[in-house]
Structures are given as structure tokens and as C-alpha cells.
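Me: Let's go through this model and check the labels against their cut-offs. Here it is.

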Amino acid sequence: VGVGKALRDTGQAVERMGMRAQDNWIFQEKICRHRALMNLFDQRPKLRPSVFVAPNASLVGNVSVMDESSIWYGAVVRGDQSPVDIGGKSSIGDRSVVLSASVNPTGFAAKTSIGDWVTVGQGCVLRGCTVDNFAVVGDGCVIGEGALVETHGMLEAGSVLPAGGLVPRGEVHGGNPAAFVRKLEKDEIAAIEKKAEDVSMSAKKHADEFLAYSNTYQLREQLGTAAGKI
């Protein structure tokens, strides 16, 4: 390991000496090596073109994200043990972590499934669970293996839904462990779709500010070529 590092450092030093001699100082510019999309052996994240992935988010392995969904800043979606599926118009909030599991102690599927029009708040942890369509997971929630949030279910901020837990359709649960709080009102149910739509529209605005993944080096080469022709 030490010899390999020494060779790499020596090569880098020689390269920089040559660039200085050519009056090329491009090596001083800071380029982040973070990869928003990362293969894991033969498993690669699959995204529809309309998906927004923040530049410092991470999607790893067997991950599928459908149309107009968004993965926000600092979020991690890791499908390294089982698949992670995210439906359309859904959002994974800042710093949230979505994981799969190799084995589910409850006997349910170990994969993590997030439906359509789902809003997952900031700082959440979801592992080997299922969140059905039009559900809302509040900020800072933890959902364990085999847990299920049914359609139009809502988990209050800071709640913990343990392994095998259930949030039935149209109910609000909260606390640690999460327990029934109340039924959702009709206007609250209608607002779930609007909230998901608002997040999707916001994601489009953010997406307009960024280049496609990993194309920066190509743009740099094109600019350098164009500058040489002037």
C-alpha cells in the first residue's frame, strides 16, 4: 500500500511540474470527486430523466427512482443488500437515509419500497420498509424493517415506527414507539398530493442550476479546445 501511494504521489508531482512549465494552472482548481450515482458491482441506480438528485446526495447500487421524484441534499439511498424502489413525484428530504436489508426478521420482503406522491422529511432513516402512495413521513422519523405506512398514512416528526409496525390508511401516528394519534381530515388528505407536487416543482428549479452528472470534465475539455482555437 505504501509503495503504491508513493508512486501515485510521485506521478502527481511530476504531472504538476510539467503543467507549471506549460503555464497551465488548472490543477489548482478544486473539483469535488463525489459521485451522486455509484455502481456496486453489476448493480447501477436507474433513474428517469426527470428525476432530480442533489449534487451531494448519493444513490448506490440497486436503486430505482421514477418520474419527477427528488433526492435532496445530503440524502443517501443505498440498495446494496436488496432493491430500493422509489415511485413518481416522491421526495427524500435532506440528510435522510434509505436502506435495504439482506434479511427481514419479520418475514416480509427485505427490499425498501416507497410509492408515488410520498413525502419523506429531513433527517429520516428508512430501512427495509414499505411506504405506500400518498403517505407522509415527518422530519427525523425512523422506520424499521418490515414496517408499513399505508396509503394516506402520516407519521409525525421525530416518531419511531419499529420493525413490523403499521400506520393504517388515513391515520396519523406519532411518538416512540409510534402510536395512533388521530384520523386525517379530508382537507389534510387532499393537501398530501399538493405538498408532493410543490416539492416536485421546487426540485425542477434546483435541477435547472446544475449540469448533468459527471459531465463537468467534458465541458472543461470543450472549453479548453475552443479557447485554443481562438
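**Pocket, loop and core**

Reply: The second largest pocket holds about 200 Å³ of space. Closest to its centre are Thr119, Val120, Gly121, Gln122 and Val199, out of 14 lining residues. Bear in mind that the model is predicted.

Me: Which elements each supply at least two residues of that lining?

Reply: They are β10 (119-120), β13 (136-137) and α2 (186-207). By class, the lining of the second largest pocket has five nonpolar, six polar and three charged residues.

Me: Why is asparagine 133 called partly exposed?

Reply: Its relative accessible area is 30%. Buried needs under 20% and exposed needs over 50%. The value of 30% falls in between, so asparagine 133 is partly exposed. Asparagine 133 sits in the loop between β12 (130-131) and β13.

Me: What makes the pair of asparagine 133 and aspartate 116 a polar contact?

Reply: A polar atom of the asparagine 133 side chain lies 2.8 Å from the backbone nitrogen of aspartate 116. The cut-off is 3.5 Å, so the distance qualifies. Beyond four places in sequence, asparagine 133 also touches Gly115, Val118, Thr151 and His152.

Key: Residues numbered from 1 in each chain as written. Predicted model: local features only at pLDDT ≥ 70, side-chain atom pairs only at ≥ 80, totals over all residues. Heavy atoms only, no water. 1 Å grid on protein atoms, 1.4 Å probe; cavity = no way out; pocket = protein on both sides within 12 Å on 5 of 7 lines; lining within 4 Å. Points joined across faces, edges and corners; volume = space filled by probe spheres on them. Helix = DSSP H or I, 4+ residues; strand = E, 2+ residues; numbered from the N terminus. Nonpolar A, V, L, I, M, F, W, Y, C, P; charged D, E, K, R; others polar. Buried < 20%, exposed > 50% of the residue type's maximum accessible area, 1.4 Å probe, protein only. Contact = heavy atoms within 4.5 Å. Polar contact = N/O pair within 3.5 Å; in protein donor to acceptor, adjacent residues only side chain to side chain.
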